[in-house]
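Good morning, and thank you for joining. I would ask you to look at the structure now on display while I take you through it.

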Amino acid sequence: MISGDFFADRYVALFFTHRFRDIQLWNTKKIQLALVYNALIGNMEHQDLHTLYRFQVPNNLYQEVGIEINKLVSYFGLGAYYRFGAYNQGIFDDNLFIKLTFTLF
């Protein structure tokens, strides 16, 4: 299952983040380092009513783990994540992806 390829009308998600102490780069610049675990499982009733677009339902546990470097530029940072478990694509590069992060606090 590719990211953005699944839909659910009922789901349960878990987002676990462990932040480490801020890392001082210069006198005024600090970045935040965090380990992240995300999981999701869901269901969709009346799938037969949605015929215009083909999608999958996350009825198995979707899991990803990653590392985030936050506040690189103002409130923005980068995260590198790896998908594992039931929706693993089999090839390492197909499960590894990078996201732009936004941190308010």
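Two strands are said to pair if DSSP finds at least two bridges between them. Please bear in mind that this is a predicted model.

With that definition, strand 5, residues 76–85, and strand 6, residues 96–102, pair in the antiparallel sense over 7 bridges. Here phenylalanine 76 stands opposite phenylalanine 102 in strand 6.

Let me place these strands in the whole. The protein has 1 helix and 6 strands, and along the sequence they follow the pattern β-β-β-β-β-α-β. Of its 105 residues, 29% are buried. Among contacts between residues at least 6 apart in sequence, 52% join residues at least 24 apart.

Strand 4 pairs with strand 5 in the antiparallel sense, over 9 bridges. The hairpin of these two strands has 2 residues between them, and serine 74 takes a positive phi near 55 degrees there.

Is glutamine 63 buried or exposed? Its relative accessibility is 15%, so glutamine 63 counts as buried, the cut-off being under 20%.

What surrounds glutamine 63? Leaving aside residues up to four places away in sequence, glutamine 63 touches Tyr37, Asn38, Ala39, Tyr82, Arg83, Phe84 and Gly85. Of these, phenylalanine 84 in strand 5 stands opposite glutamine 63. With tyrosine 37 there is a polar contact, side chain to side chain, at 2.7 Å.

Finally, the surface: the protein exposes about 7,700 Å², and carbon and sulfur atoms supply 62% of that area.

How values were computed
Residues numbered from 1 in each chain as written. Predicted model: local features only at pLDDT ≥ 70, side-chain atom pairs only at ≥ 80, totals over all residues. Heavy atoms only, no water. Buried < 20%, exposed > 50% of the residue type's maximum accessible area, 1.4 Å probe, protein only. Polar contact = N/O pair within 3.5 Å; in protein donor to acceptor, adjacent residues only side chain to side chain. Contact = heavy atoms within 4.5 Å. Helix = DSSP H or I, 4+ residues; strand = E, 2+ residues; numbered from the N terminus. Areas by Shrake-Rupley, 256 points an atom, 1.4 Å probe, with all protein chains shown as cover.
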